[in-house]
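I set out to record a few features of one protein model. The entries below follow the order in which I looked them up.

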Amino acid sequence: MKTISIVQIGLGGVGRALARQLLTHRDALAARYGFKLTYAALADSSGLRARRGGLTADELESALAAKEAGHPLASASGAGMSWRSLALGDAGIYVDVTAAVGHQQALADRAAAGHRVVLANKKPLSADHSVFEALTGRGATRYEATVGAGLPVISTLQGLLDSGDTPARIEAAMSGTLGYLCGELDAGRPLSAAVREAHRLGYTEPDPRDDLSGADVARKALILARTCGLPWELGQIPTEPWFSAGLGKLGLDEFMAHLEELDAAFAERVAEAKADGGALRYVATITPHGATVGLRVLPADHPLASLRGPDNLFSFTTARYAERPLVVRGPGAGLAVTAAGVLADIVATAREML
């Protein structure tokens, strides 16, 4: 049976959920497909834990327990070591489930060396377009979980493109966090309370401003555009933030303490939307000519207006789906569904490596 080595970068909420899903299902996957998925290494900012031949189940559980207790992943022997220094004997799969910057070149180097890459981290794919090309060229990287968590968004778009269809317009509410917040605002909840609850539930990025700035949605919009072959850079997608420039300069804890400053303005915007018979939603629109990301008042019968909780909705208008767009809808946030999207990409990649 072929053994396929996994190097997982990141053991936060999604990373821990992924490791547990892989441990739970790898025997069934081995029986079904004839490969064994083995963790060659786990890495975080403190260093790594690695073993030639693969980490044991006990070692993996120890690492998960350490992270859940708030301790660094690396033991004394692995402290300060980097996943970039690992040398796998055979082609393996590098899995980035962080929100970190600065990984893109090392991951592109791994792809160039014949390894495969699976991403939940959007930042490598939203760096310079040349890096996107280096990572995704020749199908070296799967990245379903960068857009829509576990929803089949990237695979749907790639299927349309591979079959010769031509996207004309993609319209999406693709932040589970901001969708949840819009629903809570509709229900009359103050924005400050809704943001803190979304952070507690794991719907937000580690710094909620990555969501509230629109930057996270803009990265997703850029990834969709680049998947369509559009050689755009992130600065070409204008975004509407939910907070002032002054709040953006604060430290995270201080920002969270000042959230009440936003409550009145957002309550007024929601009231105005309801008075017009509509709903306030955060929407990304992508066409071959450009993209926009921001709050829009939508009519009550608009598909995006009906979204509740962390659900995402993606509407693809194409040459074939011109009169009735193809729609993908479902949960767009949450640790378990995001981890499942990453695991599905790992399995699909492993099957290609047999």
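These entries cover a sheet, the helices packed on it, a histidine and the aromatic pairs.

**Conventions.** I worked on a predicted model, in which local features need pLDDT of at least 70 and side-chain atom pairs count only at pLDDT 80 or more, while totals for chains, interfaces and linings use all residues. Residues are numbered from 1 along each chain as its sequence is written, and side-chain values use heavy atoms, with hydrogens and water left out.

**Sheet.** I took helices (H or I, at least four residues) and strands (E, at least two) as DSSP runs, numbered from the N terminus. Strands were counted as paired if DSSP finds at least two bridges between them. On these terms I found an open, antiparallel sheet of five strands, ordered β9-β8-β7-β10-β11. I noted that β9 (290–299) and β11 (326–331) each have a single partner strand, so one side of each lacks a neighbour in the sheet. Neighbouring strands are turned by 20° against each other on average, direction ignored.

I then looked at β7 (residues 167–173) and β8 (residues 278–287), which run antiparallel and are joined by three bridges. Ala172 has Ala284 in β8 as its bridge partner.

**Helices on the sheet.** For contact I required heavy atoms within 4.5 Å. Axes are lines fitted to C-alpha atoms, for helices over the stretch in contact, with angles from 0 to 180 degrees between N-to-C directions. Helix α9 (residues 215–227) lies across β7, β8, β9 and β10 (311–318), at about 35° to β8. Helix α12 (residues 263–275) also packs on the sheet, touching β8 and β9, and its direction makes about 90° with that of β8.

**His103.** I located His103 in the loop between β4 (93–96) and α3 (104–112). I classed residues as buried under 20% relative accessible area, exposed over 50% and partly exposed in between (1.4 Å probe, protein chains only). His103 is buried, because its relative accessibility is 8%. Leaving out residues up to four places away in sequence, His103 touches Ile9, Trp83, Arg84, Asp96, Thr98 and Asn121.

**Aromatic pairs.** Rings of Phe, Tyr and Trp (its six-membered ring) pair if their centres lie within 6.5 Å; planes under 30 degrees apart count as stacked, over 60 as edge-to-face and the rest as tilted. My search of the whole structure gave six aromatic pairs. Tyr33 and Phe35 are stacked, at 5.8 Å centre to centre and 10° between the planes. Tyr33 is partly exposed at 26%, whereas Phe35 is buried at 0%. Trp242 and Tyr282 form a tilted pair, with 6.0 Å between centres and 45° between the planes.
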